[in-house]
Amino acid sequence: MNHSDNRIAHDEFSSAQGADWLRLKGRVCVVTGAGSGIGAAIAGAFSAVGAQVALLDRDGEAARQVATRLTTQGGHALAVACDITDESAVSAAAVQVRESLGPAAVLVNNAGLLRPGSLDSVTLADWNAVLAVNLTGYLLCSRAFGQDMLQAGRGSLVHVASVSALHPQTASGAYSASKAGVLLLSRQLAAEWGPRGVRSNAICPGMIRTALSARFYEEPGFEARRAAATASRRVGEPRDIAEPALFLASDRSAYVNGAELLVDGGLGCMLMDMVPRPGFNDDGASRAS
């Protein structure tokens with residue numbers, strides 16, 4: 001690249017850093033499980049950059065409350081009560097979003113379910129329930145909302161998986177298996193739909209503080225112990241997942257396809273530090289300091 005090319009690239013990059021740097025303004029972005037936690041944070045992030053947001057949640061009232069807040073803040077949001085395990089309900093939701101906001105340009109598969117139990121005792125009903133939400137539901141939503149993207153020849157799918165997809169989370173029934181399935185689902189969608197202009201990527205969150213886990217942090221010393229297990233020395237917040245989701249949904253990640261982004265504060269690189277080493281981490285002090 002010559003100096004002239006460098007100048008043009010710089011000028012184009014600089015001019016793009018305005019209010020719509022992510023180029024999501026006006027686009028229809030669908031978020032599942034948007035009634036609370038990570039989903040609500042993702043919906044809020046999309047709304048803040050000018051996207052039209054469809055908030056899907058089995059709890060329609062929770063989705064409406066988030067949508068009302070976003071609208072009050074100047075955003076354009078639509079709440080849709082939807083059980084993503086029900087194919088007809090997902091199809092109906094896609095029609096409602098299309099008629100109310102327009103064709104979907106982005107889908108964030110975020111809805112999730114955990115039913116605890118060891119593999120030798122988890123009931124088949126609980127196993128199937130988790131797979132239905134965490135894996136089959138992602139496929140149903142991808143197909144329903146992905147049709148708009150395939151027809152347009154462009155679009156972005158973002159799937160919220162988990163570090164548990166990479167490392168087994170014991171006593172959690174089908175959770176790890178379902179999240180590992182999400183990663184392969186994402187890759188397969190990337191391989192099949194990428195040639196048609198639709199990207200598919202996954203995010204693997206680590207320890208994130210949400211309403212569901214808030215009570216654990218009330219236990220004295222619990223947060224400090226968790227934070228000490230990460231390189232960043234802190235527990236994540238929903239916004240820590242929302243911001244990477246914005247990037248993967250946007251044109252700024254146009255050449256990112258079939259990727260898995262680990263967002264865990266460095267939890268994954270702490271394995272050897274957790275191995276007992278006399279004189280280094282006997283009591284855990286070196287990790288917590």
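Colleague: What should I know about the model before I start?

Modeller: It's a predicted model, where local features need pLDDT of at least 70 and side-chain atom pairs count only at pLDDT 80 or more, while totals for chains, interfaces and linings use all residues. Residues are numbered from 1 along each chain as its sequence is written, and side-chain values use heavy atoms, leaving out hydrogens and water.

Colleague: Which order do the strands of the open sheet take?

Modeller: Helices (H or I, at least four residues) and strands (E, at least two) are DSSP runs, numbered from the N terminus. Two strands pair if DSSP finds at least two bridges between them. Here seven strands form an open sheet with parallel pairing, in the order β3-β2-β1-β4-β5-β6-β7. β3 (76–81) and β7 are the edge strands, each pairing on one side only. Take β1 (residues 28–32): it pairs with β4 over four bridges, and Cys-29 has Val-106 in β4 as its bridge partner.

Colleague: How do I read the packing of α5 against α6?

Modeller: Start with axes: lines fitted to C-alpha atoms, for helices over the stretch in contact, with angles from 0 to 180 degrees between N-to-C directions. The axes of α5 (residues 124–152) and α6 (residues 175–193) come within 9 Å and cross at roughly 20°. That makes α5 roughly parallel to α6 (the label goes to angles under 35 degrees).

Colleague: Which residues of α5 and α6 meet?

Modeller: Contact means heavy atoms within 4.5 Å. Among those meeting are Trp-127, Leu-131 and Tyr-138 in α5, and Val-182, Leu-185 and Trp-193 in α6.

Colleague: Why does Ala-242 count as buried?

Modeller: Ala-242, in α8 (residues 239–249), counts as buried because its relative accessibility is 3%. Leaving aside neighbours within four places in sequence, Ala-242 is in contact with Ala-41, Ile-42 and Ala-45. The C-alpha atoms of Ala-242 and Ile-42 are separated by 4.4 Å, though the two sit 200 residues apart along the chain.

Conventions
Buried < 20%, exposed > 50% of the residue type's maximum accessible area, 1.4 Å probe, protein only. Parallel < 35°, antiparallel > 145°, perpendicular 65-115°, else oblique.
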